[in-house]
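Please keep the sequence and the structure in view while reading.

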Amino acid sequence: MSSSKNDVHILIFPFPAQGHILPLLDFTHQLLLHGFKITILVTPKNVPILDPLLSSHPSLGVLDFPFPGHPSLPAGVENIKDVGNSGNAPFIGGLSKLRGPILEWFKAQSNPPVAIGYDFFLGWTLDLAQEVGVPGIVFYSSGALLVSIFVDIWKNFEAYRDLGFVEFNGLPKSPRLVREHLPSVFQKYKEGDPDWEIVRNGLIANGRSFGSIFNTFEALESEYLGFLKEMGHERVYSIGPVNLVGGPGRIGKPNVDDDANESVFTWLDKCPNESVLYVAFGSQKLLTKAQLEALTIGLEKSGVKFILVVKQLTAQQEEQGFGSLPLGFEERVLGRGLVIKGWAPQVEILGHRAVGGFLSHCGWNSALEAIVAGVLILGWPMEADQFVNVWLLVDNMKASVRVCEGPNTVPDPIELGRRINEAMCDSLIKERAKKMRDEAIEAVRIGGSSKRDLDSIVKELAQLKS
């Protein structure tokens with residue numbers, strides 16, 4: 001697969017959050033397969049995330065700068081998973097202090113990068129790229145609808161600022177969202193705050209980049225990819241789902257009990273096709289005690305077979321009111337339900353023939369993993385881009401269902417159980433989910449839209465010379 005070395009050097013700058021960094025590493029893997037010389041910029045504690053990539057590509061250059069830190073972040077924290085979504089603005093502000101060291105590094109290179117590929121949260125990098133005279137290429141680990149909404153929000157910020165309900169009439173299909181469901185960066189934005197101004201200016205700057213690369217595919221978001229092209233950006237590429245294109249393997253399973261994992265698949269092997277609901281809420285979100293209690297009762301009442309992933313709580317998290325499994329729950333659901341405590345092999349579970357549904361927070365990566373597996377998504381969006389993703393999948397594509405919404409909502413357990421049961425028995429909506437899977441697979445095949453766009457990016461980049 002690998003073409004001959006083209007010696008075109010590219011700097012890749014990911015944002016240190018699981019949902020951002022993993023798809024960008026999958027894209028980086030594709031560039032390495034095409035013979036590009038890649039240097040990836042991370043802070044020291046994030047270097048282990050690169051291990052699978054380094055194993056496949058020992059030539060990968062690693063540039064690790066100490067994280068400059070931020071007054072509102074605990075000392076020693078270098079990844080969003082340690083602080084949650086509220087840490088985004090301080091992280092973006094902290095990382096912006098690396099501008100000087102990156103410029104110095106550039107000047108010292110005999111073969112400096114001819115382009116910088118950067119995460120969309122790091123839009124300030126575009127000015128840096130222009131200063132050193134190379135193209136800046138933005139990588140979106142999110143969908144094109146989210147970015148279309150960003151564009152519209154910042155353009156009409158004053159008009160939207162005090163609305164309780166926003167209808168995006170300038171966008172295809174006029175998405176409608178209540179204020180609490182708008183992207184977190186808009187809700188939390190504080191005018192005049194230095195960190196938030198870096199966030200806002202960076203997101204606006206992304207529209208001036210040399211190119212925009214999306215982890216999405218035409219059949220899912222053609223209207224919104226088209227909208228972004230109409231906004232004056234010629235080079236809008238969709239190359240997803242990148243986890244389907246194939247990556248170097250992913251990290252994130254410390255001290256995993258392989259025997260326990262094996263027992264999960266042994267259990268699944270005994271279940272009928274599409275009978276199992278997989279329940280997980282991503283790497284950051286913890287449920288409160290009341291939420292977890294309602295969820296477990298709902299799963300019991302649903303009559304559906306399920307796998308529930310729960311995080312191991314620290315003493316401090318328990319004190320803060322986050323939930324552990326109710327006593328006796330595992331015994332009551334023995335045979336029908338399985339609990340995984342800690343990390344779970346999500347992609348492999350979703351891909352098992354016995355799994356027919358995924359109750360999820362609907363982060364973009366989880367949504368794409370479900371689409372690739374062809375399983376029905378039961379959405380419980382809570383923050384960030386999740387409400388936007390659910391609007392796309394439920395209201396626009398009619399290929400998923402909404403079972404609850406809100407970060408603090410405690411669902412009625414009887415109603416939740418009923419919705420779960422109904423969704424898992426809905427053959428029509430399951431067929432739509434399978435159709436999306438087929439479209440995703442088609443997109444990354446030779447001749448497919450994502451494969452064509454990936455080839456176009458490779459060609460564009462190969463023409464850049466130092």
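How many salt bridges does the count come to, if a salt bridge is a side-chain nitrogen of Lys or Arg within 4 Å of a carboxyl oxygen of Asp or Glu? By this rule the count comes to 21 salt bridges.

## How to read the model

This is a predicted model, in which local features need pLDDT of at least 70 and side-chain atom pairs count only at pLDDT 80 or more, while totals for chains, interfaces and linings use all residues. Residues are numbered from 1 along each chain as its sequence is written, and side-chain values use heavy atoms, with hydrogens and water left out.

## Salt bridges

One of the salt bridges is formed by the side chains of Glu-460 and Arg-235, at 3.3 Å from N to O. Glu-460 belongs to helix 21 (residues 449-462) and Arg-235 to the loop between helix 10 (218-230) and strand 9 (236-238), so this pair ties together parts that are 225 residues apart in sequence. Helices (H or I, at least four residues) and strands (E, at least two) are DSSP runs, numbered from the N terminus. Glu-460 counts as partly exposed because its relative accessibility is 26%; here buried means under 20% relative accessible area, exposed means over 50%, and partly exposed lies in between (1.4 Å probe, protein chains only).

Another salt bridge joins the side chains of Glu-330 and Lys-341, at 3.0 Å from N to O. Glu-330 lies in helix 15 (residues 329-332) and Lys-341 in strand 12 (residues 337-341), so the pair links parts that are 11 residues apart in sequence. Within helix 19 (residues 413-424), Glu-415 and Arg-418 are 3 residues apart, and are therefore separated by about one helical turn. Salt bridges that share partners join Glu-415, Arg-418, Arg-419 and Glu-422 into one network, and in the bridge between Glu-415 and Arg-418 the distance from N to O is 2.5 Å.

## Two domains

The chain is divided into domain 1 (6-238) and domain 2 (258-441), with bounds that come from an automatic or database domain assignment. Taken over C-alpha atoms, the centres of domain 1 and domain 2 are separated by 28 Å.

In contact, meaning with heavy atoms within 4.5 Å, are 30 residues of domain 1 and 20 residues of domain 2. The two domains bury about 2,000 Å² between them, 66% of it on carbon and sulfur atoms, where buried area is the accessible area (1.4 Å probe) that two parts lose on being put together, summed over both. His-181, Phe-217 and Leu-220 supply 29% of the area that domain 1 buries against domain 2, more than any other three residues. Between domain 1 and domain 2 the count is 0 salt bridges.

## The nonpolar interior

A nonpolar core is a set of buried Ala, Val, Leu, Ile, Met, Phe, Trp, Tyr and Cys residues joined through side-chain atoms within 4.5 Å. The largest such core has 97 residues, and those with the most contacts inside it are Ile-102, Leu-268, Tyr-278 and Ile-349. Helix 6 (residues 144-155) provides the largest share of this core, 8 residues. Domain 1 (6-238) and domain 2 (258-441) both give residues to the core, so it lies between them. Apart from it lies another core, of 31 residues, among them Leu-53, Ile-239, Val-242 and Val-458.

Helix 6 is mostly covered, since 10 of its 12 residues are buried, including Leu-145, Phe-150 and Trp-154.
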